[in-house]
Amino acid sequence: MADESFLTDDFLRQLINVGEVDILVGLPTHNNAKTVGPIIHTIRSGILRGFPRARAVIVNADGGSRDGTPELVTGISIDDLRPASNLRALRTLHSISTRYASSPASGVALRTILAAAELLRAKACVVLSPESANIEPEWLSKLLHPIYDDGFDLVTPTYRRHRFEGLLITNLLYPMTRALYGLRIREAYSPEFGFSGRLGSQFLGQNIWSDGTHGAGVELRFTLAALAGRYLVCQSFLGEKERIERSAADLVPAVRQIVGTLFSALESGFPVWSAVAGSQTPPTNGAEHGVLLEPLRVNRKRLRDMFSTGVAELETVFQSILSPSTLVELQRIARLGEEEFHYPAELWVRTVYEFAASYQKSVISRDHIIQALAPLFRGRAFTFLMENRNASGDEVENNIEALCLEFERLKPYLLQLWKSRE
Amino acid sequence: MREMIISELSQALHEMARGFAHFLPRLIVMLILAFAGWVIAYVVKAVLRSILRLIKFDKLSENAGASQLLTNAALPSATEMLSRFVFWLTWLGFILLGVRVLGILGLQDQIARFFLFLPRLFGAIFILFFGLLAASFFSRAALLAAVNANVPSPRVLSLALRSIIIVFVLSIVFEELGLAEQTMLVAFGIAFGALMLGLAIAFGIGGRDLAKRFLEKRFVRGKKEENEDELSPL
C-alpha cells in the first residue's frame with residue numbers, strides 16, 4: 001500500500017471523491033498555461049475515443065505554477081469538448097490537481113501520480129508531458145491499449161527523430177540499456193509512457209524517493225526498474241519527436257540525468273544484467289524508429305575543440321577513472337586534426353564501461369565522474385556527425401546498430417571490470 | 001679523621017643505597033609503564049590500521065591529494081603513516097607518564113605542557129586533512145565546470161582555487177598549533193591579498209576581452225551565440 005503521507009489532505013479528499021478508476025492520466029506541470037489547455041482537450045478526446053466505457057481521471061501534479069496552470073486543468077469540463085467532437089462519455093471524466101511543492105521536481109511529481117494511481121486502483125496509467133506540442137488523441141490509445149487489453153506492464157514510445165537529435169540516447173542510453181538488459185528499448189527515457197497499476201505500485205514501494213536528487217531521470221529509473229523486474233514491456237510509435245533547441249550548457253544536466261541514473265541502477269540490477277547475453281526487439285506497435293534527414297547547422301568544430309581541451313585539461317581526473325591504455329588512445333585522437341579525427345565505437349564503449357566501473361568504485365566523487373564524461377561524449381558526437389553527414393536513414397540506423405553490437409560484444413569487459421572491483 | 005671519612009662515606013653509601021632503593025621501584029614502574037605502553041600502542045596501531053583499511057582511508061587520502069604528497073616524499077601510505085603516528089604518540093605518552101613517576105624535577109612542567117598540546121595537535125591534523133580534501137574536491141569541481149563551460153585556462157582557475165583553500169587551511173592549522181600566530185596572520189593577509197589583487201588585475205586587464213565576453217554572455221539576453229550547439233542530447 002502507498003505511503004500517502006506526503007499527499008495533501010485536499011488531494012486525498014479529491015481522490016476519495018473520484019473513487020476507483022480504470023485509467024489514470026498523469027500530467028506533471030510547471031507554468032504550462034500556454035500549452036496545457038489544448039493538451040487537456042486532446043487527452044479527453046483520446047479517452048472518449050479509445051476508452052468510452054472506462055472510468056478515467058486526469059491527475060495533475062503541479063510544481064508551483066504561478067500562471068494558473070492547475071486552474072486550467074481542473075476548469076476544463078467535459079462539456080467543452082462535446083460540441084466540436086460529437087463524442088459521448090458513458091462515465092464521468094474526473095480532472096483533479098495538486099500542488100506537490102513550490103518548485104518543480106520530476107521525481108515528486110511522478111511519485112504523486114503513482115500514489116494516486118495506487119489509491120484509485122487504476123488498471124492502466126499514462127504519463128504525458130505538458131510540453132508535447134504535437135500530442136494526438138491516438139497517443140492515449142497507443143500507450144494505454146497494450147496495458148489495458150494485452151496485459152503489458154510498460155509501454156515506451158518510439159519516435160521519428162532527426163538523425164542528429166538525441167545523440168546521448170543513440171550513442172549511449174539505447175545501446176547500453178540494450179546490451180545490459182537484452183531488450184531493444186529505443187526510448188528508455190521519455191516524458192511519455194504508459195504503465196500498469198502493478199508496475200506503478202512496485203516502483204512506488206522502492207526506496208528511491210529520498211536520495212536527494214529531486215528525481216532527476218526518474219522516468220529512466222522507472223523503465224530500468226521494469227526491465228530489471230522482468231515486467232512485460234512493449235513499444236508504440238507516436239510519430240515525430242518535436243525538435244528542442246538546447247544550448248551547450250544543457251549537456252551536463254542531461255548527462256547527469258541519463259548516465260547518472262543508468263550507472264546508479266547497475267548496482268541493484270547486477271544479478272539481472274550480468275546474466276543477459278545478446279538482445280531482442282520487444283513487441284512494437286507501429287514503426288520501430290524513423291529518421292529525418294533535413295539539413296541542420298551544427299558547430300562541429302566546437303564539439304571537437306571541447307573534446308580536445310577536455311582530454312588535455314582533465315588528464316588527472318581521467319587517470320583516476322580510465323585504464324592507461326584507454327587514456328593514451330584518447331590523448332592520441334585528441335591531437336588529430338578535424339579531418340582525421342575519429343572516435344571509434346570500440347574505444348567509446350570501453351570508455352563508457354570504464355566510467356561505469358569507476359562510478360561503482362567511487363574512485364572520486366560520483367558527480368565528478370559523470371561530469372568528466374561530457375567532454376568525451378562531445379568527441380563521440382563529433383564522430384557520429386562526421387560518419388553520418390551524408391548518410392541515408394538506413395545507413396544511420398546501420399551505424400547505430402553497429403554501435404549497439406559493439407556494446408553487446410564488449411559486455412564481458414564490463415563484467416570483468418565489475419569483478420575486479422570485488 | 002679517618003673515622004670521620006669512613007663515617008661520611010658509609011653515610012653517603014647508605015643514602016645512595018636508600019635513594020636507589022627509593023628510585024628502583026619507580027624505575028621499575030616506569031619500565032612497566034613503557035612496556036605496557038608499547039603493548040597498548042601496538043594494539044591501538046593494529047586496530048586503527050584495520051579500521052582505516054575498512055573505511056578505505058587510503059582512497060580518501062588519495063582524493064585529498066595527500067597520497068601524492070606522501071609518494072613524492074617516498075613515505076608509506078596514509079593509513080600506515082597515521083597508524084605509526086598514533087603508535088608513537090601513544091607510546092611516547094606512556095613513556096612520559098613513566099618519566100613523571102620518576103619524579104625528576106623540571107621535567108614535570110614540560111610533560112604537562114606536552115599533554116596539554118596533544119588535543120591541539122590532533123585538531124590541527126584533522127583540519128589539515130579535511131582542508132586538503134576540500135581543496136581537492138572544490139578545485140576538481142571548478143576544473144570540470146570550467147572545462148564543460150568552455151572557459152579558457154580551466155587548470156589555472158582550478159589551481160588558484162586550490163591555492164586559496166590551502167593557504168586558508170594552513171593559516172588555521174598554524175593558529176590551532178599556536179605557532180607564530182602573528183607572523184602567520186600577517187603572512188596569510190599578505191598572501192591572500194596578493195592573490196586576490198593578482199586575480200583582479202589578471203581578470204580586469206589581462207582578461208579584458210574575456211571579462212567582456214563573460215559579462216555579455218551573462219547579462220545580455222536575446223543575442224544568440226554564434227558557436228552555440230544546436231543539438232539536443234535527449
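Predicted model: local features only at pLDDT ≥ 70, side-chain atom pairs only at ≥ 80, totals over all residues.
**The whole chain**

Select chain A and display its C-alpha trace. Along its principal axes, the trace extends over about 65 × 45 × 40 Å. The radius of gyration of chain A is 22 Å, which agrees with the value near 22 Å that a compact globule of 422 residues would have.

Next, switch to a cartoon view. Chain A contains 17 helices and nine strands. If the chain is coloured by burial, buried residues account for 50% of its 422 residues. Contacts may be displayed as well: among those between residues at least 6 apart in sequence, 87% join residues at least 24 apart.

**Helices H9 and H10**

Now select residues 218–228 of chain A, which form helix H9, together with residues 251–273 of chain A, which form helix H10. Two packed helices are described by the angle between their axes and by the distance between those axes. For this pair, the angle is about 20° and the axes lie 10 Å apart. Since angles under 35 degrees count as roughly parallel, H9(A) and H10(A) are therefore roughly parallel to each other. Their crossing is right-handed.

**The residues in contact**

Which residues of H9(A) and H10(A) make the contact? On H9(A), select A:Leu220, A:Arg221, A:Leu224 and A:Ala228.

Definitions and conventions. Residues numbered from 1 in each chain as written. Chains lettered and ligands numbered in written order. Axes fitted to C-alpha atoms, helices over the stretch in contact; angles between N-to-C directions. Helix = DSSP H or I, 4+ residues; strand = E, 2+ residues; numbered from the N terminus. Parallel < 35°, antiparallel > 145°, perpendicular 65-115°, else oblique. Left-handed = near helix turned anticlockwise from the far one by under 90°. Contact = placed C-beta atoms within 7 Å. Rg over C-alpha atoms; globule rule 2.2 N^0.38 Å. Buried ≥ 20, exposed ≤ 12 C-beta atoms within 10 Å, placed from the backbone.
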